[in-house]
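Here are some notes for a colleague who is opening this entry for the first time. Please read them with the structure on screen.

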Amino acid sequence: MPIPVWLATTVGVTGVLLARVDYNMVFMKFFRNLSRSKARARLHDNKYAIIPVMLGIEDPIKIKDDIDAENALTITREELEEMDGFDGAPLYLSIRGRVYDVSAGEKFYGEGKEYHDWVGTDASRSFGTGCRGGTDRTGMDCLSESLDGLTEKELKEVDRWLELYETHDKYTFIGHLVDDPVNDILEHIEEEDAALAEADGDGEFPSDDATDDAEEERVVQPGGETAVVEDDADRVESEGETVEI
């Protein structure tokens, strides 16, 4: 019995779509939302929080931006890179410039584990796109902290991950990600040196007249007369007379 064309087409299209699904990311989002549901139930005494969260119809909890707080902690990008779990180091990651200690989730974030690509860096873009290697659809590095070009849906995904780390009972907020001030100073010095070098390269050499003027030396002769000594001609001009010397 021949298979109807419409059935074969449907099966084929379904197979192509399923082949393109990142099942790892699907499961990651499932367990992420499950943890968020538990946190909402715990923090807000809402036992029905799981329903809208798992259906994806909830709004992520907005995290208060306390970056200007007087006692806000900071960590540089160089320091963050060292928090990769190697040699006894803790496991840190950053999202939207907020750094979290996820060492308690070593079975997820440790070396060779599913989430390890996010450790030791700010990969905010990856949280939104789900891309964890190479470049994304915009041509940008998947593990970049830049959110430029992301859709509203992708930005909402970033905020959902941020909510997970902020409200998780085993993950700890460490501080805000900042540039190393020493590097900023060195970069500023390098920029100034480059600007000076460029200015020197564009400068004009003095003209012959200017050089002659610079080489002239004025002297006062007996009687108060002013004389000009020219190095190139070795002459003295005085009272309209030229005297070879």
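This is a predicted model: local features need pLDDT of at least 70, side-chain atom pairs count only at pLDDT 80 or more; totals for chains, interfaces and linings use all residues.

1. The structure holds one disulfide. Its partners are cysteine 131 and cysteine 142, with an S to S distance of 1.6 Å. The link is right-handed, with 55 degrees about the S-S bond. Both cysteine 131 and cysteine 142 sit in the loop between helix H6 (124-129) and helix H7 (152-167), 11 residues apart.

2. Are the two cysteines buried or exposed? Cysteine 131 has a relative accessible area of 18%, so it counts as buried, the cut-off being under 20%. Cysteine 142 is buried too, with a value of 0%.

3. Serine 144 is also placed in the loop between H6 and H7. Its relative accessibility is 15%, and therefore serine 144 counts as buried. Which residues does serine 144 contact, leaving aside its neighbours within four places in sequence? They are Asp122, Ala123, Ser124, Arg125 and Ser126.

4. In soluble globular proteins, nonpolar side chains tend to be buried together. Here the largest nonpolar core has 20 residues, and those touching the most other members are Ile95, Tyr109, Trp118, Trp161 and Tyr165. H2, strand S2 (92-95) and H7 each give two or more residues to this core. The most come from H7, which gives five residues.

5. Not counting residues up to four places away in sequence, tyrosine 165 touches Leu93, Ile95, Tyr100, Val102, Tyr109, Trp118, Phe127 and Tyr171. There is also a second, separate core of five residues, including Leu80, Tyr92, Val99 and Leu177.

6. The largest pocket has a volume of about 560 Å³. Its lining is made up of 24 residues, and Phe31, Ser35, Phe108, His168 and Tyr171 lie nearest the centre. Helix H2 (23-44), helix H5 (106-109) and H7 are the elements that give two or more residues to the lining.

7. Which element gives the most to the lining of the largest pocket? H2 does, with 10 residues. By class, the lining has 11 nonpolar, five polar and eight charged residues.

Notes: Residues are numbered from 1 along each chain as its sequence is written. Side-chain values use heavy atoms; hydrogens and water are left out. A disulfide is a pair of cysteine sulfur atoms within 2.5 Å. Helices (H or I, at least four residues) and strands (E, at least two) are DSSP runs, numbered from the N terminus. Buried means under 20% relative accessible area, exposed over 50%, partly exposed in between (1.4 Å probe, protein chains only). On a 1 Å grid over the protein atoms alone, a cavity is a set of points where a 1.4 Å probe fits but cannot get out, and a pocket is an open set with protein on both sides within 12 Å along at least five of seven lines; lining residues have an atom within 4 Å of a point. Grid points are joined across faces, edges and corners, and a volume is the space filled by probe spheres set on the points. Ala, Val, Leu, Ile, Met, Phe, Trp, Tyr, Cys and Pro count as nonpolar, Asp, Glu, Lys and Arg as charged, and the others, Gly among them, as polar. Contact means heavy atoms within 4.5 Å. A nonpolar core is a set of buried Ala, Val, Leu, Ile, Met, Phe, Trp, Tyr and Cys residues joined through side-chain atoms within 4.5 Å.
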